Amino acid sequence: FLGAGGGNDIQWCFSQVKGAVDDDVAEADIISTVEFNHSGELLATGDKGGRVVIFQQEQENKTQSHSRGEYNVYSTFQSHEPEFDYLKSLEIEEKINKIRWLPQKNAAQFLLSTNDKTIKLWKISERDKRPEGYNLKEEDGRYRDPTTVTTLRVPVFRPMDLMVEASPRRIFANAHTYHINSISINSDYETYLSADDLRINLWHLEITDRSFNIVDIKPANMEELTEVITAAEFHPNSCNTFVYSSSKGTIRLCDMRASALCDRHSKLFEEPEDPSNRSFFSEIISSISDVKFSHSGRYMMTRDYLSVKIWDLNMENRPVETYQVHEYLRSKLCSLYENDCIFDKFECCWNGSDRQVIFNRTVTFFLPPLCSIVMTGSYNNFFRMFDRNTKRDITLEASRENNKPRTVLKPRKVCASGKRKKDEISVDSLDFNKKILHTAWHPKENIIAVATTNNLYIFQDKMN
Amino acid sequence: DTQEKETITPERAEEAKLKAKYPNLGQKPGGSNFLMKRLQKGQKYFDSGDYNMAKAKMKNKQLPSAGPDKNLVTGDHIPTPQDLPQRKSSLVTSKLAG
């Protein structure tokens, strides 16, 4: 088939699920971030226990053309440890807030991982051979008595079982007073930004003892604090441009060429509010939890509590598109405030940049890059996709009950009120502890990674 | 005469519910209070200054250990590093890798 593809035209099937089956979730196992690398071959997860697990996609078996390669564990390591700052009486959580991959430059892979206070650059490298035949050492490492050596030999490299090693190459510490919520690598591949609640810093990947502050919204008097930074990202192509979102639902675009301290935005994106609709909850639900540029950089997507909005960088006064994720929650805001769910931070993502289409299994077409589908999570282990072209949307569920490979997932529907149809679920039956906050889309293929509280689901489209 | 009934949005109805439950809820929606709470995440009330001064004063006495209420940090009760919940890193491998 040669499909233009859309959220509904793609038929999603269960592929794999990782993690423990039991319902008793240890806090350390709560997944806090999910990220594919630039080729999609590697998939990294971070958790509340400060651990990173990296999965690698199997090389595609050309004869087994009905499924794409599976993801298997490639490396796992402890990225961050819990700390206690005695000076400030602050407990520093080891939870990994974000992982961002560097584009691959050599045989090794590099990623940045961050907790609330410290960013680390990790090198993940493979070792598949080791030197053998030393003259002065035994194979087990013990030194030989030199007097017993009668002949000399040349040590050689011999193959060994693949070992994947992760080592911290840089530690970027002590630059954030508040809690880091974002890291973003610049398109120059030399610098990156880190954002906390009130400040954004610019780093050079090679330099750990210095960082430039580029945004500071801390008021002189903390009593006047009205707004915090919630997310930040570099433009995918312009290395001088970045955006940051706020708890008041605004996005500011800044140009680093304008001044050293980008406190004055170049553009301010804000949707005007209807004053008659204003309530106690308005500001809280307008807080932006994620911002993502489209691959071209022409658009950006924001996620607030109830919706996903697409903005055209050339239009500041309103979004070009708005998609309701779970509008039925608007009449539940009181209880969602009481159980703190109203503060849940959902992320969002675009479909991959290259649209690869298989035709007859022998010829492959690459359609031009299109950001036409957006994905985001919801409650009850539901996640949603919106097709910008067809305007259709779909709700799917990440559940072990649907785990037959190559069986197309059944769409879900929530009944807001009134008579519940068969197969619909009523709002009051939704499980608000089952949140899908983190999702990721493979950069080139229709493969998605969806994180429930402590499990990672991988879905792929049904290949003919 | 006709009276126009004002339709209440779902959001406003929820707000009324919340205010009925918590009449003392701050007038400022969202705003400073919950932002400040967010910025203070992770704060524990161990004061190293108090601790060391108390230690100096009571050289010959046993330090008062935490009473049944570990959150009590005023008066003579001196929180000690031992009172703080143990923060050990997970030595266990993630179950995702299992």
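Pro103(A) sits in the loop between strand 8 (98-101) and strand 9 (109-114) of chain A, helices (H or I, at least four residues) and strands (E, at least two) being DSSP runs numbered from the N terminus. Pro103(A) is buried, with a relative accessible area of 19%; buried means under 20% relative accessible area, exposed over 50%, and partly exposed in between (1.4 Å probe, protein chains only). This is a predicted model, where local features need pLDDT of at least 70 and side-chain atom pairs count only at pLDDT 80 or more, while totals for chains, interfaces and linings use all residues. Residues are numbered from 1 along each chain as its sequence is written, chains are lettered from A and ligands numbered from 1 in the order in which they are written, and side-chain values use heavy atoms, with hydrogens and water left out.

- Leaving aside neighbours within four places in sequence, Pro103(A) is in contact (heavy atoms within 4.5 Å) with His38(A) and Tyr189(A).
- Ile217(A) is 114 residues away from Pro103(A) along the chain, and their C-alpha atoms are separated by 31 Å.
- His326(A) is in the loop between strand 23 (321-324) and helix 2 of chain A, and at 0% relative accessibility His326(A) counts as buried.
- Not counting residues up to four places away in sequence, His326(A) touches Arg303(A), Tyr305(A), Leu306(A), Phe346(A), Gly377(A), Ser378(A) and Tyr379(A).

**Where chain A meets chain B**

- Chain A puts 65 residues into the contact and chain B puts in 41 residues.
- Between them the two chains bury about 4400 Å², 57% of it on carbon and sulfur atoms; buried area here is the accessible area (1.4 Å probe) that two parts lose on being put together, summed over both.
- Glu91(A), Phe280(A) and Cys334(A) supply 15% of the area that chain A buries against chain B, more than any other three residues.
- The rule finds eleven residue pairs in polar contact across this interface (both at pLDDT 80 or more). A polar contact is a pair of N or O atoms within 3.5 Å; within protein, one must be able to donate a hydrogen and the other to accept it, and residues adjacent in sequence count only if both atoms are side-chain atoms.
- Helix 2 of chain A gives the most to the side of chain A that touches chain B, with five residues.

**Salt bridges**

- The whole structure has 36 salt bridges over all chains, each a side-chain nitrogen of Lys or Arg within 4 Å of a carboxyl oxygen of Asp or Glu.
- Three salt bridges cross the interface of chain A and chain B; one of them joins Lys21(B) to Glu338(A) (2.9 Å, N to O).
- Lys95(B) and Asp29(A) also meet in a salt bridge (3.0 Å, N to O). Lys95(B) is partly exposed at 37% relative accessibility, whereas Asp29(A) is buried at 9%.
- Asp47(A) and Arg51(A) pair up too (3.0 Å, N to O), and both are buried.
- Asp29(A), Asp47(A), Arg51(A) and Lys95(B) are linked in a network of salt bridges.
- Lys422(A) and Asp423(A) form a salt bridge at 4.0 Å, N to O; Lys422(A) is exposed at 73% and Asp423(A) partly exposed at 45%.

**Cysteines**

- Searching the whole structure turns up zero disulfides over all chains, a disulfide being a pair of cysteine sulfur atoms within 2.5 Å.
- For the sulfur of Cys254(A), the closest cysteine sulfur is in Cys262(A) at 5.2 Å, too far for a bond.
- Cys254(A) is buried at 0% relative accessibility, and Cys415(A) is buried at 5%.
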